[in-house]
Amino acid sequence: MSFSVGKATAQDKGQMVRIAKITVDPVQLEAYNAALTEQMTIAVKLEPGVLTYYAVADKDNPANITILEIYANEAAYQSHIQTPHFKKYKATVEKMVKSLELINVDVIGIAKKD
């Protein structure tokens with residue numbers, strides 16, 4: 001088994017990296033998770049510029065969701081938010097989401113197994 005550690009940032013490749021912090025109405029959590037999963041799956045499958053989604057829920061409060069999103073570049077993100085599947089997701093979850101914070105981030109280090 002091998003692993004790699006590096007300082008190369010995603011931005012060196014022109015990528016856009018964002019964290020979304022979402023609080024969902026706990027009563028609607030199951031429906032929210034289904035809508036999110038559908039949107040992520042379609043986006044990664046159909047859009048070459050959507051590279052990665054990691055969605056995680058707080059163990060103590062599953063209604064607090066954090067998503068790490070990686071796009072090939074800013075143009076890929078702008079294209080993504082205009083797609084029918086993303087617009088469907090936004091319309092579906094509009095009344096489920098109690099708060100949304102979007103944070104653009106810089107990758108400062110990477111450590112992963114190959």
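Q: Is Tyr89 buried or exposed?
A: Buried means under 20% relative accessible area, exposed over 50%, and partly exposed in between, with a 1.4 Å probe and protein chains only. Tyr89 has a relative accessible area of 9%, so Tyr89 is buried. Phe86, at 16% relative accessibility, also counts as buried. This is a predicted model, where local features need pLDDT of at least 70, side-chain atom pairs count only at pLDDT 80 or more, and totals for chains, interfaces and linings use all residues. Residues are numbered from 1 along each chain as its sequence is written, and side-chain values use heavy atoms, with hydrogens and water left out.

Q: How are the rings of Phe86 and Tyr89 placed?
A: A pair of aromatic rings is described by the distance of the centres and the angle of the planes. Rings of Phe, Tyr and Trp (its six-membered ring) pair if their centres lie within 6.5 Å; planes under 30 degrees apart count as stacked, over 60 as edge-to-face and the rest as tilted. By this rule the count comes to 4 aromatic pairs. For Phe86 and Tyr89 the centres are 6.0 Å apart and the planes at 45°, so this pair is tilted. Both residues lie in helix α3, 3 residues apart, about one turn of the helix. Ring pairs also bring in Tyr32, giving a cluster of Tyr32, Phe86 and Tyr89.

Q: How do α1 and α3 run relative to each other?
A: Helices (H or I, at least four residues) and strands (E, at least two) are DSSP runs, numbered from the N terminus. Axes are lines fitted to C-alpha atoms, for helices over the stretch in contact, and angles run from 0 to 180 degrees between N-to-C directions. The axes of α1 (residues 29-46) and α3 (residues 84-93) come within 9 Å and cross at roughly 170°. The two helices are therefore roughly antiparallel, a label for angles over 145 degrees.

Q: Which residues of α1 and α3 meet?
A: Contact means heavy atoms within 4.5 Å. Among those meeting are Tyr32, Leu36 and Ile42 in α1, and Phe86, Tyr89 and Val93 in α3.

Q: What is the strand order of the open sheet?
A: Strands of a sheet pair through backbone hydrogen bonds, either parallel or antiparallel. Two strands pair if DSSP finds at least two bridges between them. Here the 4 strands have the order β3-β4-β2-β5, with antiparallel pairing. β3 (50-57) and β5 (97-105) stand at the edges, each with a single partner strand, so one side of each has no neighbour in the sheet. β3 and β4 (residues 64-71) pair over 7 bridges, and Thr52 has Ile70 in β4 as its bridge partner.

Notes: Angles under 35 degrees count as roughly parallel, over 145 as roughly antiparallel, 65 to 115 as roughly perpendicular and the rest as oblique.
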